[in-house]
Amino acid sequence: MGTILVLAEHRQGSLRDVSLEMLTKASQVAGQNGGEVVALLLGSGVDALADKLAGYSDKVLYVDNPLFADYNAEKYQLALVELVKQYNPELFMIGHTTQGVDLAPALAVEMGMPFVSDVIEIELADGKLQPVRQYYQGKVNANFAFKGEPPYLVSFREATLEVPEPSKQGSIEKIESPLKEDIEYRRFIEYVEAEVGDVDITQSEILVAIGRGVREDKNMPMIQELASAIKADLCGSRAATDAGWLEHDRQVGTSGKTVKPKLYIAIGISGAFQHLAGMKGAKTIVAINKDPDAPIFSVADFAIIDDLFKVVPKLTEKLKELVG
Amino acid sequence: MNIFVCIKRVPDTSEAEVKVDANGKDVDSSKFSFDINDADNYAVEEAILIKEKVGGNVKVVSMGPKDGDVMIRMALAKGGDSAIRIEDPRINTVDPLQVAKVLAAAVKGQDFDLVLTGCMAEDDGNMAVGVALAETLGVPHAAMVKKVEVDEGKVKVYRELEGGLSEVVELALPAVLTIQTGINEPRYAPIRGIRMAQKKELKVLNLDDLGLAEDDVSEGSSLVELKNLYIPEVVSHAEIIEGEPEEKAEILADKLVKGGLL
Ligand SMILES: Cc1cc2nc3c(=O)[nH]c(=O)nc-3n(C[C@H](O)[C@H](O)[C@H](O)COP(=O)(O)OP(=O)(O)OC[C@H]3O[C@@H](n4cnc5c(N)ncnc54)[C@H](O)[C@@H]3O)c2cc1C
Ligand SMILES: Nc1ncnc2c1ncn2[C@@H]1O[C@H](COP(=O)(O)O)[C@@H](O)[C@H]1O
């Protein structure tokens, strides 16, 4: 096995979790095969980040240049084409994140790299790398094979594994920026923070969470009644906030909030990985869903496989009796 | 402003049982219900909103079987001007880079300012076609777009990042944007529009019409191969509560209260 190159992701001065997750995965794959794990970092004023990466890699290569102060897919692509050619890894890993999905497919096209997106696992089959990805929002898995020559490219899903304590002490090497000048056709302007709503669901102890299964706005009173019976705050999946049943700041998941309540009651939520990432840290999870194969059940402690419209009113009634 | 919008017909599998078929390469889709991909529905709306604001033309592009015509006509009924549907059994739909090549061939050579795609197709979840399409066309792009402000020769977009943060980016036109759900409120097609849509142009093209060779986009020429599909084992430690719906509700209520969770 040759080199596994991992693109470190960072924003506003901090490494994103996916960086260390990918390095952890890369070390597992390389460990079986005697490959070298190399972290690649493009940034400005990122010495401290390079140090942190060294704990998880055999080598850290980093570009420290104001051109990379903020992420810009087109600038990254210009630099990465050069760096991938130069370091010629067997496998190149980019996070399947809002950065990675903005970058990896274009890089694959430009370099003619075999590319599999949203990879959740990298296995070895007959000594060959076998990326695994999913279809139908997690209901089916697929084994892939790369054809053609390395480097192979994957975008790797975030929050698929636990990151251990650092156990390596990789060398750190500062490299020249392959990009010398700024570009005009895509410019980063600024970050805009999310609007702050009336309730901060990240602080809630009890959350009633709703999804598309609730079907329409006019079913919301039924949900509100349950929530008020147990003094819970309301939150939901992206489908629920997109539909306007809840404010956007009540969305749980990768593009919303990460919550860690004592109790999370998921009603009519399928459990897409983007949603699970935001709530699987809840202490106790109840899922009410009529589809026995819904991925939400994989993280649930209590499961009711049934029609929410039959279950929820009775649940509210009984809870009022017991706690009221 | 000439806008192309790429839409895909996808199955709704949120409540369906998914079974892998005998050859292990596909699923049995005979019982699925299909409709326009969620994000693409928002992309159509955004294209029409831009057209209503600055004028221009909206062309709908979709690759898939004839059953997709209903969805395509719906997009025309909402305000699309014409449509292209690409159908050819030689196309390898597993590889998003090859899908992008096909869509690019439908756009290339025509005057365009913007191409909008959804950020993700719900069935394959690749989140790759739009960005690959931009590269194939040789134009800049931005993925995960939640707000679009068109200006002279450029466009300002808000990209949705993790945790509710957004990033404002400016792109030179022409460009490709991948649209995130929730960017707008997709309209319903007006009755009059539905009638008018029947008269709008819907061209059906194959690889030859697009000037592509089988080797450009076939399974054999893809750099990746889908070896097999399988149903993942769902490891659940959940206690499944049994009974009639009302009983289940009562048992759960008891467990929550007596277990000290409430
Ligand atoms: C970049 C990106 C970021 C995203 N970020 C997030 C995020 O932060 N948070 C998030 O939640 N999603 C996010 N998503 C969307 C995610 O992929 C899913 O589309 C979404 O989570 C689905 O929401 P849902 O579970 O409510 O709807 P669906 O997946 O449609 O599920 C509805 C569920 O309701 C059940 N149901 C229907 N009727 C009933 C009934 N009568 N009784 C009981 N059950 C019923 C169904 O069985 C089904 O399981 C993101 C997507 C992308 C592309
Ligand atoms: N067969 C297709 N026809 C038209 N557009 C497509 C097709 N496949 C993918 N797309 C577009 O590309 C987007 C992203 O798809 P994907 O990369 O497969 O997740 C979709 O939301 C569509 O806008």
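This is a predicted model: local features need pLDDT of at least 70, side-chain atom pairs count only at pLDDT 80 or more; totals for chains, interfaces and linings use all residues.
Where in chain B is the place of Q180(B)? Q180(B) sits in the loop between β10 (175-179) and α5 (191-197) of chain B.

Is Q180(B) buried or exposed? Its relative accessible area is 8%. Buried means under 20%, so Q180(B) counts as buried. The side chain of Q180(B) makes a polar contact with the side chain of T181(B), at 3.4 Å. Set aside the neighbours within four places in sequence, and the contacts of Q180(B) still reach into both chains. From chain A comes R238(A). From chain B come Y42(B), C119(B), M144(B), V145(B), K146(B) and E160(B).

E160(B) leads on to the strands. This residue belongs to strand β8 of chain B, which spans residues 154-160. β8(B) pairs with β9(B) in the antiparallel sense, over seven bridges. One of the residue pairs is E160(B) with S166(B), the latter in β9(B). The two strands form a hairpin, with five residues between them. In the turn, G163(B) has a positive phi of about 65°.

β9(B) runs over residues 166-172. Six of its seven residues are buried, so the strand is mostly covered. Which strand of chain A is joined to β9(B)? The partner is β12 of chain A, residues 186-192. Six bridges link β12(A) and β9(B), and the two run antiparallel. Among the paired residues are R186(A) and L171(B).

Now turn to the ligands. Ligand 1 lies between chains A and B. Its shell holds 33 residues, and those that come nearest are S237(A), V252(A), S255(A), S270(A) and N289(A). Three helices of chain A each supply at least two residues of this shell: α6 (238-242), α7 (273-279) and α8 (308-323). By class, the shell has nine nonpolar, 16 polar and eight charged residues.

Backbone atoms of chain A approach ligand 1 at several points. A backbone N or O atom of R212(A) lies 2.8 Å from an oxygen atom of the ligand. For G256(A), a backbone N or O atom is 3.4 Å from a ligand oxygen atom. At K290(A), a backbone N or O atom lies 3.1 Å from a nitrogen atom of ligand 1. Taken alone, ligand 1 exposes 990 Å², and the protein buries 93% of that.

A polar backbone atom of C6(B) is 2.8 Å from an oxygen atom of ligand 2. A backbone N or O atom of A128(B) likewise lies 2.8 Å from a ligand oxygen atom. For N126(B), the distance from a backbone N or O atom to an oxygen atom of the ligand is 3.3 Å. On its own, ligand 2 has 480 Å² of accessible area, and the protein covers 99% of that.

How values were computed
Residues are numbered from 1 along each chain as its sequence is written. Chains are lettered from A and ligands numbered from 1 in the order in which they are written. Side-chain values use heavy atoms; hydrogens and water are left out. A residue is near a molecule or strand if one of its heavy atoms lies within 4 Å of it. A polar contact is a pair of N or O atoms within 3.5 Å; within protein, one must be able to donate a hydrogen and the other to accept it, and residues adjacent in sequence count only if both atoms are side-chain atoms. Accessible areas come from the Shrake-Rupley method with a 1.4 Å probe; for residues, only the protein chains shown count as cover. Helices (H or I, at least four residues) and strands (E, at least two) are DSSP runs, numbered from the N terminus. Ala, Val, Leu, Ile, Met, Phe, Trp, Tyr, Cys and Pro count as nonpolar, Asp, Glu, Lys and Arg as charged, and the others, Gly among them, as polar. Buried means under 20% relative accessible area, exposed over 50%, partly exposed in between (1.4 Å probe, protein chains only). Contact means heavy atoms within 4.5 Å. Two strands pair if DSSP finds at least two bridges between them.
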